[in-house]
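I am opening my notebook on a new model. I will look things up one by one and write down what I find.

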Amino acid sequence: MSAKVITTCLKCSLLGVFLLFLQPLRAQTAYPELEQQLQAEQKTLGTDVVVMVWKDDTLAYKKEMGNFLSKTQASLGGCSKWLTAALLMSFVEEGKLSLDDKVAKWLPEFERYNKNYITIRHCLAHLTGIEDEGKKIFQRKKFASLEEEVNAVAARPIRTNAGQDFWYGNAGLNIAARVLEVISRKKFDLLMKQRLLNPLEMRRTTFTTTDGSAINPSTGALSTPDDFMHFLAMLLNKGKYKDKQVLSAESIDRLLQVQTTPALISYSPAAAAGLNYALGGWAVKEKDGKAMVLASPDFAGTWPWVDFCRGYALLIFTKQPLDHEKAGLYQDLKRTLDQQVPASCP
């Protein structure tokens with residue numbers, strides 16, 4: 001090999017190394033106002049926080065704070081509901097159930113306790129009318145299986161007629177998940193892995209428990225910021241992830257349909273005050289009955305958004321509790337990002 005060829009190869013190699021170092025630097029400075037605000041508010045945010053922005057089919061920004069990295073696995077908490085709702089839509093696509101099917105069609109306990117009017121839609125939208133954990137949502141009794149838990153839910157008193165009021169909790173999504181187990185004759189965590197997590201390359205995400213307790217489709221997922229951003233990117237891209245159509249565009253559209261009115265809401269966490277609910281997520285901004293900005297926060301910390309008007313997904317992933325001050329800061333961070341990304345819809 002000639003000296004000229006060797007020199008040319010060396011230059012190409014050095015250029016490649018330079019570009020590799022430049023890539024994370026560009027991601028850090030893509031949104032300077034957001035970066036500046038994160039630095040200024042680090043005390044309020046606390047340690048162990050990852051902030052990521054997905055835009056134009058790529059990771060446009062990432063900031064890792066403290067010892068928390070984008071590959072660090074932690075609880076998704078209430079964000080798990082979004083995954084469960086998306087999984088259910090894959091069954092709707094295949095015609096195996098309808099959102100307006102009665103739960104009692106698959107779960108006889110609901111007919112036994114005179115709750116044969118509750119639909120799958122009611123379950124995904126917290127409109128079952130069944131007495132729920134409410135403010136004791138984090139004090140979940142230990143059950144041996146999802147079947148055992150849902151049978152116990154079926155026996156609970158009725159607070160009001162299904163569809164008549166919204167009460168945020170875990171019961172509805174767990175009922176819907178149990179229906180999927182009955183239809184498929186597979187455990188929920190296996191279904192989730194086969195139908196959603198594997199296609200989305202979410203290799204460090206799981207609902208499987210290690211203590212023998214029941215799987216919790218409402219709050220039981222463990223994931224990483226990297227993994228969960230794959231899910232948000234799929235929603236933003238009308239159900240497509242890379243070259244795979246994981247969910248149909250119609251399914252994504254259904255997940256955006258607002259299911260409540262302010263008059264229906266009897267209980268919601270303080271951070272979601274004034275927001276309507278879609279299927280598995282909160283409508284932060286809506287138009288003509290459809291969410292333009294959708295979120296499914298865990299009120300113990302993590303908060304993801306998908307902004308369909310501005311074409312980005314924002315994820316604030318943390319292990320730390322979400323108090324009133326921090327919830328306000330999260331919303332301020334999104335407003336800062338909004339100022340840097342023009343909207344494509346009114």
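Which residues line the largest cavity? I looked this up first, keeping in mind that the model is predicted. The lining is made of His-126, Thr-128, Gly-129, Ile-130, Asp-132, Arg-159, Trp-167, Ala-171 and Gly-172. I noted a volume of about 50 Å³ for this largest cavity. Its lining residues divide into three nonpolar, four polar and two charged.

**Entry: the other cavity**

How many cavities of 30 Å³ or more are there? I found two cavities that reach this volume. I listed its lining as Trp-82, Leu-235, Ile-252, Leu-255, Leu-256, Leu-294 and Phe-308. Here seven lining residues are nonpolar, with no polar and no charged ones.

**Entry: the sheet**

Next I traced the strands. What is the order of the strands in the open sheet? I read S2-S1-S13-S12-S11-S10-S9, which makes seven strands with antiparallel pairing. Strand S2 (58-65) and strand S9 (276-277) stand at the edges. Each has a single partner strand, so one side of each is left without a neighbour in the sheet.

**Entry: S10 and S11**

I then took the strands in pairs. Strand S10 (residues 282-287) pairs with strand S11 (residues 290-295) in the antiparallel sense, over five bridges. Glu-286 has Ala-291 in S11 as its bridge partner. Lys-287 has Lys-290 in S11 as its bridge partner. Two residues lie between the strands of this hairpin, and Asp-288 takes a positive phi near 55°. Is S11 mostly covered or mostly uncovered? S11 is mostly covered, as five of its six residues are buried.

**Entry: S12 and its two partners**

S12 came next. S11 and S12 pair in the antiparallel sense over three bridges. Val-293 stands opposite Asp-307 of S12. S12 and S13 are also antiparallel, with five bridges between them. On that side, Asp-307 stands opposite Tyr-312 in S13. The hairpin of S12 and S13 has four residues between the strands, and Gly-311 takes a positive phi near 70°.

Why is S12 largely enclosed by the rest of the structure? I counted its buried residues: five of the five are buried, so the strand is largely enclosed. I also checked which way its residues point. Trp-303, Trp-305 and Asp-307 point one way, while Pro-304 and Val-306 point the other way.

Helix H2 (residues 32-40) lies across strand S1 (49-55) and S2, and runs at about 15° to S2. Helix H12 (residues 324-340) also packs on the sheet. I found H12 touching S1, S11, strand S12 (303-307) and strand S13 (312-318). The direction of H12 makes about 150° with that of S13.

Last, I picked Thr-84, which lies in helix H4 (residues 80-93). Is Thr-84 buried or exposed? Thr-84 is buried, because its relative accessible area is 1%, and buried means under 20%. I left aside neighbours within four places in sequence and listed the contacts of Thr-84. They are Leu-173, Ala-177, Phe-188, Met-192, Phe-207 and Pro-217.

Notes
Residues numbered from 1 in each chain as written. Predicted model: local features only at pLDDT ≥ 70, side-chain atom pairs only at ≥ 80, totals over all residues. Heavy atoms only, no water. Pairing = 2+ DSSP bridges. Contact = heavy atoms within 4.5 Å. Axes fitted to C-alpha atoms, helices over the stretch in contact; angles between N-to-C directions. Buried < 20%, exposed > 50% of the residue type's maximum accessible area, 1.4 Å probe, protein only. 1 Å grid on protein atoms, 1.4 Å probe; cavity = no way out; pocket = protein on both sides within 12 Å on 5 of 7 lines; lining within 4 Å. Points joined across faces, edges and corners; volume = space filled by probe spheres on them. Nonpolar A, V, L, I, M, F, W, Y, C, P; charged D, E, K, R; others polar.
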